[in-house]
Amino acid sequence: MTVADAYSPAWLQTDRPQPMYDKTVHRLYGKVFAENPGDNPRLAEDFKSEFLNWLGADRLNRISGYREGFLTDVCIGCTHYIDDLYHRVGGDGLQIFSGEYKYHWRLNPEIAYVTLETLRPGKELLISMPFAGIGDAHPQMGAILERCLELGIPAHIDAAWLGCARGLEFDFSHPAIASFAVSLSKALGIGGNRIGLRFTRRRPNGPITIMNDFGMNCQSLMHIGIAFMRELGANYFWNKYAEAHARVCRDFSLQPTKAIHLAMREGHPVGIRPLLRYLSDR
């Protein structure tokens, strides 16, 4: 197969892989912003209900254990969830694995990463699932949660990429998990309008709880989230770009991951969004 000149390795994102969006997403922005969410006192509850239905409509992953035993709060994406954790326990109170979301390194360039063997009690754990460095569950995820349970370490799950992944199997009811958050940013291409849902076994005192208790959630973000979930549904990017993802990986000798916008080359993540959009939108 001859590859067009424009469809080239120069489009691979090796520095900062970017999540997906496309022309359909941009058209929907125009539709949503033309509407006014108004002063709807039920908007937060409507958003939560729609979000749970959207998670339940996922047909490409086997995700369980998120409906029972957790309280829900609206959050401004998973970064807000991370900020809330840092606010509550401080930078020295969280244990982070190497290969995580670069936001942790930006907050603390001197961060000391941990391993399964160096996890210790007295500090809480925050880990992404899918894991940011590989676009899949961390290869030691099961052992990590069991170690946290053994040591009494509360585990918190950053599930920002859950909605743009396929082939995952994960049970959020594991007793070591104290909280997790899922965002629509990567799932539906609305990272510029961050909106998500936090799940906690016990609601901690902090910014997200206060924002929800006092009705301070951003109406436009919840409104946009509802509109995008209803219009695009679950698994949107994989349903549309699965064939293109396979072709890009084949054409450029990349290893596919379970995250739509990411592939691997020699153990390093590579962003393939520009090539996916080239194949679909030309």
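## Getting to know this predicted model

Trainee: Which residues does serine 8 touch, not counting residues up to four places away in sequence?

Mentor: Happy to start there! Contact means heavy atoms within 4.5 Å. Leaving out residues up to four places away in sequence, the partners of serine 8 are Phe252 and Leu275.

Trainee: What kind of model is this, and how are residues numbered?

Mentor: This is a predicted model, where local features need pLDDT of at least 70, side-chain atom pairs count only at pLDDT 80 or more, and totals for chains, interfaces and linings use all residues. Side-chain values use heavy atoms, with hydrogens and water left out, and residues are numbered along each chain as its sequence is written, from 1.

Trainee: Is serine 8 buried or exposed?

Mentor: Buried means under 20% relative accessible area, exposed over 50%, and partly exposed in between (1.4 Å probe, protein chains only). Serine 8 has 17% relative accessibility, so serine 8 counts as buried.

Trainee: And is phenylalanine 214 buried or exposed?

Mentor: Find phenylalanine 214 in the loop between helix H7 (207–213) and helix H8 (219–232); helices here are DSSP runs (H or I, at least four residues) and strands are too (E, at least two), numbered from the N terminus. With a relative accessible area of 63%, phenylalanine 214 is exposed.
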